[in-house]
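The sections below take selected pairs in turn.

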Amino acid sequence: MEHPENDSQYLGLAVNSGVAQPPIVNPYLKKRKRKPLPTASELVEGILKGDVTTLSRAVTLVESLAREHYIIAQEVIEKCLPYSGNSRRIGITGVPGAGKSTSIDVFGLHVLREGGKLAVLAIDPSSERTKGSILGDKTRMEKLSMHPDAFIRPSPSAGSLGGVARKTRETIVLCEAAGYNNIFVETVGVGQSETAVHSMVDFFLLIQIAGAGDELQGIKRGIMEMADGIVINKADGDNIGPAQLAQAQFRSALHLFPPTASGWKPEVLTYSGYYELGIPEVWEMIDRYFAFVKKNGYFQEKRKEQARWWMYETIDEQLRKHFYDNPAIRERLAVCEADVLANRRSSFAAAGDVLSQYFKK
């Protein structure tokens, strides 16, 4: 592009054309050939050997939305199913800033010292605008991320209920088949629908903090009824008194709730994740719970109920996918949406129109 400043009428001015822009891609960079997809048998063989790379690749296929990946992933899950079910699944939730990641770091190290292997499935919130996730939970578990017997997998919530990734259930099966006998599922935080994480774990741990306002604000009936144990973090220094006060308040609140289906009475403990105080006591509580529910038969009963629940959840998901992937329905939805936005039809009439077209096919 010519610069007008170089015209003869502008004496004393001269603008150089500049340096040509280099190519965006390195011209000497050789294109790497994409590795072919492994077969289901190859993935299962690697998983059963405890190979972390193979396990990670299998989890990626489980989370993928591609049709070919879905087919391979489902075959892998079916073949790994006989080798699963031999772990302790623990869901960990709490308000943002309660110290979930720090607590998991110290809880995990305590578990590994007692022997066994640990898989941490950390659910990272997805942006409603960009649909992206930071997936940075692993950086906040510094000690655990370097341990050879720990597998940490951050996954995007992808808009699923309660901040639980839609494929977390299948990932648990793969981790168990790989020999991980302790599974931690960390949720985004306390929300309206923590039912999803509760329906895939054996023990549901609620982390609270004291000294951040009215502790009674944290006593929400839904989340409290699901909790098998409540622990109050940051009980150190000047915060020990407020933490003990919050402990008493939560214990009093639990007496107002009906008995749990398992017959277990949820306990309330205090601890400090940062200073690693009270960690053995928290884990002893979890040990007591597992001994209690295995003795009265509730453990297996709950596992069966969860399997049934997830069967219906999968049916709902597949029906939804089939509906929105239908080209005719997508076309009709666009027309009905325009009518609703223009106030020509009500939302209910438009929805009925689209559903009528779907069920006629």
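## Overview

In this predicted model, a search of the whole structure identifies 14 salt bridges. Side chains of opposite charge can pair when their charged atoms come close.

## Arg 88 and Asp 287

One of the salt bridges joins Arg 88 to Asp 287, with 2.8 Å between the closest N and O atoms. The two residues belong to distant parts of the chain, since Arg 88 sits in strand E1 (residues 88–94) and Asp 287 in helix H10 (residues 279–295), 199 residues apart.

## Asp 202 and Arg 303

A salt bridge is also formed by Asp 202 and Arg 303, whose closest N and O atoms are 2.8 Å apart. Asp 202 lies in the loop between helix H7 (195–198) and strand E5 (203–209), while Arg 303 is part of helix H11 (residues 298–324), so this pair ties together parts that are 101 residues apart in sequence.

Asp 202 is buried, its relative accessible area being 3%, and Arg 303 likewise counts as buried, at 11% relative accessibility.

## A network around Arg 345

Arg 345 forms a salt bridge with Asp 353, the closest N and O atoms lying 3.0 Å apart. Salt bridges with shared partners join Arg 345, Asp 353 and Arg 332 into one network. Within this group, Arg 345 is partly exposed, with a relative accessible area of 26%.

Note on methods. Residues are numbered from 1 along each chain as its sequence is written. This is a predicted model: local features need pLDDT of at least 70, side-chain atom pairs count only at pLDDT 80 or more; totals for chains, interfaces and linings use all residues. Side-chain values use heavy atoms; hydrogens and water are left out. A salt bridge is a side-chain nitrogen of Lys or Arg within 4 Å of a carboxyl oxygen of Asp or Glu. Helices (H or I, at least four residues) and strands (E, at least two) are DSSP runs, numbered from the N terminus. Buried means under 20% relative accessible area, exposed over 50%, partly exposed in between (1.4 Å probe, protein chains only).
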